[in-house]
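Trainee: I would like to take a close look at a single part of this model, and then see how that part sits in the rest of the chain.

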Amino acid sequence: MQNQPFTIALSGKGGTGKTTISSLLIRSFIDLGETPVLAVDADPNANLHEALGVPVHETLGSMREEAFTRHIPPGMNRHDYVRFRFRQALVEASGFDLVAMGRPEGSGCYCFANDLLSECMLQLEREYRFIVIDAEAGMEHISRGTLGKPDMLLIVSDPGARGLRTISRIREIATQLGLEPDRIHIIFNRFKSGTAPVDFGKDTPIAVIPDDPQVEAADLAATPVSQIPADSPARVAVLDLAHKIRRIATEHN
Ligand SMILES: Nc1ncnc2c1ncn2[C@@H]1O[C@H](COP(=O)(O)OP(=O)(O)O)[C@@H](O)[C@H]1O
Ligand SMILES: [Mg+2]
């Protein structure tokens, strides 16, 4: 019997490093042989594909709009057409596939479309070991049900007092979505060595990712951040995180 995939969503304020860490996490699972991975870009300002170095031709949002306004090819019903387009929207790469969700909602009622999308997503999920969702703070795709409830939520934050406030806000949203507290973890990103240790309080982080000049260099050169050298500090820290997640996923299954 095939194991269920283990789904990890990353949330956090804009600019905290969700996309960077998502792509490094995907890279790490591939390095650990945990393939295939499904990368889900659930941030409307989709750029996970850039971090992973693959092109995206369309998002599920734009596909949904089209599938309901366009003529369906003869011999196909709308269900079949959506499934067909869904397959087309899936980017297949080495070790991972990627799907970009796009905007959660267009004009009019899309309940039927959303149901279909969730159904397509469910069918997809069976094929993957890990699913990594690059989400935004509000986690709209999860609250609307297009994406199922994740097995683990990682809240990415900067390691300062301001970050802590956002963490509690996201925790609240997560609780409303029915996530149990022990499934929610904090990641502190861009930790600068030499700075005073932050008082983590009860929020002991599952990972502390160092501020890494290689990440910045990749950003400046517009090269995929997931391809920074294997020994660069952020990548090493995220690989360690991937090991932890794998252990948790094994206990979970
Ligand atoms: N550990 C890190 N070290 C250095 N720069 C980082 C690190 N993490 C993220 N960044 C930089 O911070 C910016 C925002 O990161 P990004 O992953 O796009 O955040 P988000 O997806 O949360 O909006 C980017 O310019 C990225 O290169
Ligand atoms: Mg992002």
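Which residues of α9 are buried?

Mentor: Before the answer, a word on conventions: residues are numbered from 1 along each chain as its sequence is written, and chains are lettered from A and ligands numbered from 1 in the order in which they are written. This is a predicted model, in which local features need pLDDT of at least 70 and side-chain atom pairs count only at pLDDT 80 or more, whereas totals for chains, interfaces and linings use all residues.

The buried residues of α9 are Ala234, Arg235, Ala237, Val238, Leu241, Ala242, Ile245 and Ala249; a residue is buried if 20 or more other C-beta atoms lie within 10 Å of its own, exposed if 12 or fewer, and partly exposed in between, with C-beta atoms placed from the backbone. Seen down the axis of α9, these buried residues fall within an arc of 150 degrees, so they line one face of the helix, the arc being that of the directions from the helix axis to the C-beta atoms. On the other side of α9, the exposed residues are His243, Lys244, Arg247, Thr250 and Glu251. Val236, which also has its place in helix α9, is partly exposed, with 17 other C-beta atoms within 10 Å.

As for its dimensions, α9 runs over residues 233-252, has 20 residues and reaches 29 Å from its first C-alpha to its last, close to the 28 Å expected at 1.5 Å a residue, where the expected span is 1.5 Å times one less than the number of residues. Helices (H or I, at least four residues) and strands (E, at least two) are DSSP runs, numbered from the N terminus.

The cover over the buried residues of α9 includes the strands β1 (6-12), β6 (152-157) and β8 (207-210), together with the helices α1 (18-31) and α8 (213-221). Two of these elements lead on to the ligand: α1 and α8, along with β7 (184-191), are the elements that give two or more residues to the shell around ligand 1. Of the 17 residues around ligand 1, those that come nearest are Gly17, Lys18, Thr19, Thr20 and Asp219, a residue being near if its C-beta atom, placed from the backbone, lies within 6 Å.

The loop between α8 and α9 holds Ala222, whose phi is near 55 degrees, a positive value in a residue other than glycine; Ala222 is exposed, with 8 other C-beta atoms within 10 Å. The loop between α1 and β2 (37-41) contains Pro36, and a cis peptide bond with omega of about -5 degrees joins Thr35 to Pro36. Most residues other than glycine have a negative phi, and most peptide bonds are trans.

Stepping back to the whole, the protein chain has nine helices and eight strands. Its radius of gyration is 18 Å, close to the 18 Å that the globule rule gives for 253 residues, so the chain is as compact as a globular protein of that length; the radius is taken over C-alpha atoms, and the rule is 2.2 Å times the number of residues to the power 0.38. Buried residues make up 41% of the 253 residues.

Methods. Contact = placed C-beta atoms within 7 Å.
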